[in-house]
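Colleague: I would like a close look at a single part of this model. Please take me through it slowly, then show me what surrounds it.

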Amino acid sequence: MLAWNGFHHVAFVLCSSKANSASGIAVDDECKLKFMELKAKRNFRFIVYKLDEKALKITVDRLGQPEESYDDFTGCLPLDECRYAVYDFDFVTDENCQKSKIFFIAWSPDTSRVRSKMLYASSKDRFKIELDGIQVELQATDPSEMSLDIVKGRAL
């Protein structure tokens, strides 16, 4: 009985670390490590993640340096491919307090392939759980849906 329980536990750990929910998408360890750096050390302004459809794995696509702007961030999102991204948004409240919020952005442009949109949509919630500390979520199919004004409005 004890050996079976031990085996069952090992099998569960192996299965749960390999796949992302029902979509079967794995998450590269670097995704979580870089997110923790953004959250704790503020080493990055943003991180763009890419789902490798052949390997069925989410990887880091681009790291935005702290001095990069929101325009730099939006400019690096492809117009015809889906991506996930996190953005560390700094702002000043009405009470003149400096704050920041970490946004999770699901970028799924209308011009991207249907299969890609489906894979990104089916693995989004599970991937978000891996990134502990997300404060605001945005879904965008067009750059206007994630304009700086919209981000500011969602942050306050």
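How many residues does helix 2 have, and what distance does helix 2 reach from its first C-alpha to its last?

Modeller: Keep in mind that this is a predicted model. Helix 2 has 13 residues. From its first C-alpha to its last, helix 2 reaches 18 Å. That is close to the 18 Å expected at 1.5 Å a residue.

Now look at which residues of helix 2 are buried. They are Cys-31, Lys-34, Phe-35 and Leu-38. These residues cover an arc of only 105 degrees around the axis, so they sit on the same side of helix 2. Turn to the other side of helix 2. There, Asp-29, Ala-40 and Lys-41 are exposed.

What do the buried residues of helix 2 pack against? Their partners are strand 1, strand 2, strand 3, strand 4, strand 5 and helix 4.

Next, the two ends. At the N-terminal end, Asp-28 caps helix 2. A side-chain oxygen of Asp-28 lies 2.9 Å from the backbone nitrogen of Glu-30. At the other end, helix 2 is followed by Arg-42. Arg-42 has a positive phi of about 55 degrees, although it is not a glycine. Most residues other than glycine have a negative phi. Arg-42 lies in the loop between helix 2 and strand 2. Its relative accessibility is 36%, so Arg-42 counts as partly exposed.

Two other places have a positive phi as well. Asn-96 is one: its phi is near 65 degrees, and Asn-96 is not a glycine. You will find Asn-96 in the loop between strand 4 and strand 5. At 65% relative accessibility, Asn-96 counts as exposed. Leu-56 is another, with a positive phi near 50 degrees. Leu-56 belongs to the hairpin of strand 2 and strand 3, which has four residues between the strands.

Six strands form an open sheet, and their order is 1-3-2-4-5-6. The pairing is mixed. Strand 1 and strand 6 are the edge strands, and each pairs on one side only.

Strand 1 and strand 3 run parallel, joined by two bridges. Here Ala-26 stands opposite Lys-57 in strand 3. Move on to strand 3 and strand 2. These two pair in the antiparallel sense over seven bridges. Leu-51 stands opposite Ile-58 in strand 3. Strand 5 and strand 6 run parallel, with five bridges between them. Phe-104 has Glu-137 in strand 6 as its bridge partner.

What about the core? The largest nonpolar core has 21 residues. Tyr-49, Ile-58, Val-86 and Phe-127 touch the most other members. Helix 2 supplies at least two residues of this core.

Take Val-86 as a way back to helix 2. Set aside its neighbours within four places in sequence. Val-86 is then in contact with several residues, including Phe-35 and Leu-38. Both of those are among the buried residues of helix 2. The contacts of Val-86 also include Phe-46, Ile-47, Tyr-49 and Ile-102. Arg-45 is one of its contacts as well.

Glu-68 sits in the loop between strand 3 and helix 3. At 15% relative accessibility, Glu-68 counts as buried. Its side chain and that of Arg-62 are joined by a polar contact of 3.0 Å. Leaving aside its neighbours within four places in sequence, Glu-68 is in contact with Arg-45, Phe-46, Arg-62 and Leu-63.

The protein chain has five helices and six strands. Along the sequence, the pattern reads α-β-α-β-β-α-β-β-α-β-α. Of the 156 residues in the chain, 38% are buried. Now consider contacts between residues at least 6 apart in sequence. Of these, 61% join residues at least 24 apart.

Technical notes. Residues numbered from 1 in each chain as written. Predicted model: local features only at pLDDT ≥ 70, side-chain atom pairs only at ≥ 80, totals over all residues. Heavy atoms only, no water. Core = buried A, V, L, I, M, F, W, Y, C linked by side-chain atoms within 4.5 Å. Buried < 20%, exposed > 50% of the residue type's maximum accessible area, 1.4 Å probe, protein only. Contact = heavy atoms within 4.5 Å. Expected span 1.5 Å × (residues − 1). Arc of directions from axis to C-beta. Polar contact = N/O pair within 3.5 Å; in protein donor to acceptor, adjacent residues only side chain to side chain. Pairing = 2+ DSSP bridges.
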